[in-house]
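I opened this structure to look up a few side-chain contacts. My notes are below.

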Amino acid sequence: MEGEERRIAGGEAVQVRNSWTREEIAEIYNRPLLDLVFEAARVHRMFFDPREVQQCTLISIKTGGCTEDCGYCSQSVKHKTFVKPTPQMKVDEVLAAARRAKEAGSTRFCMGAAWRELGGKKNAFKHILSMVSGVKEMGMECCATLGMLTPEQARQLKDAGLTAYNHNLDTSPEYYPKVITTRSYEDRLQTIENVRDAGIAVCSGGILGLGEQPMDRVGLIHSLATLPEHPESVPINALVPVDGTPLADSGVADVPTVWDMARTIATARITMPRTVVRLSAGRLEMSHAEQAMLFMAGANSIFNGDKLLTTPNPELDTDSQLFETLGLRGKPAFSEPLKPPMEESGAVIVTKTSFSNAEAHA
């Protein structure tokens with residue numbers, strides 16, 4: 001551990017740390033909702049300019065045909081859904097989509113492939129490396145989600161210019177086997193470690209509405225907040241049930257309320273103060289007022305564009321109106337987050353504490 005950042009405002013201190021216990025996180029999650037959102041908003045303002053929101057675009061470069069059995073996913077070969085397998089998109093097609101995304105205001109372009117793992121797909125990987133390099137040359141940040149990675153594959157993606165790699169934990173370690181059996185929680189943690197060791201920013205979060213209990217949401221956040229380094233970004237998704245998937249067909253899927261989303265986002269913000277918290281899937285079902293509360297609770301990133309892999313998303317014009325109404329502005333690519341106005345004014349004091357290895361593990 002290199003040390004922990006501590007910020008003080010108005011006599012109240014907030015510390016960036018990865019020594020959280022489940023009990024501490026449960027206490028935060030279960031606070032009265034308005035108190036929880038107020039505290040998350042305070043922490044958010046100590047580490048970020050709350051008006052700055054990162055805009056990302058996510059496309060599926062290889063749809064369907066995945067051999068995993070994720071109970072929520074429309075792209076699994078084990079489920080009969082509306083999704084039909086398609087070949088991997090050509091490099092030029094992907095780069096054209098990236099240009100359109102940039103013109104629409106996105107600064108991070110994310111590419112998803114429906115695979116269990118990259119494995120030995122050498123030709124496909126070669127094309128993906130070209131996509132990554134091409135997106136970076138446009139001045140956009142580039143993120144990918146390609147399933148499990150080896151250390152060498154992570155290194156090659158880093159060399160090509162990949163900014164971030166998404167590999168969600170989905171839910172708590174305890175509930176996870178009820179959702180997925182073809183890949184273990186440890187497999188996911190290993191890929192995150194490979195990505196981090198290659199110097200790529202980690203993007204990892206979860207999904208609400210899988211039939212989990214509140215303590216599973218606490219368990220998810222505990223898994224993320226106690227990683228050796230907090231993820232650079234944490235996407236919080238509201239499940240969009242798809243007919244033909246086991247969770248939808250069995251009735252286990254339970255679309256989360258905005259209150260569930262607010263509690264989870266606020267708890268992530270408080271426990272991982274420097275992390276970008278992304279309000280991801282499910283926004284199409286939320287009003288502008290509901291989304292405003294989630295920004296207040298600490299969300300500072302969204303996916304824009306009319307589709308997230310295979311599920312609908314708000315239209316660009318709708319998001320533009322939302323940003324204008326709330327006074328939000330986009331975050332430029334490859335830039336540090338804006339300094340919080342509270343820090344600019346001297347209302348926040350920032351200190352860093354260094355620990356020896358012995359102290360860090362005491």
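These entries cover aromatic rings and salt bridges.

Basis. I am working with a predicted model, where local features need pLDDT of at least 70 and side-chain atom pairs count only at pLDDT 80 or more, while totals for chains, interfaces and linings use all residues. Residues are numbered from 1 along each chain as its sequence is written, and side-chain values use heavy atoms, with hydrogens and water left out.

Rings. I searched the whole structure for aromatic pairs and found one. Rings of Phe, Tyr and Trp (its six-membered ring) pair if their centres lie within 6.5 Å; planes under 30 degrees apart are stacked, over 60 edge-to-face, and the rest tilted. The ring centres of Tyr176 and Tyr185 are 5.2 Å apart and the planes stand at 80 degrees, so I noted the pair as edge-to-face. Tyr176 and Tyr185 are both buried (under 20% relative accessible area; exposed is over 50%, partly exposed in between; 1.4 Å probe, protein chains only).

Salt bridges. I took a side-chain nitrogen of Lys or Arg within 4 Å of a carboxyl oxygen of Asp or Glu as a salt bridge, and the whole structure gave 15. What distance separates N and O where Arg329 and Asp49 meet? I read 2.7 Å for that salt bridge. Asp49 counts as buried at 7% relative accessibility, and Arg329 as partly exposed at 32%. Glu39 and Arg42 form another salt bridge, with the closest N and O atoms 2.9 Å apart, and both residues are buried. I also noted one network of salt bridges with shared partners, joining Arg108, Glu141, Glu232 and Lys331.
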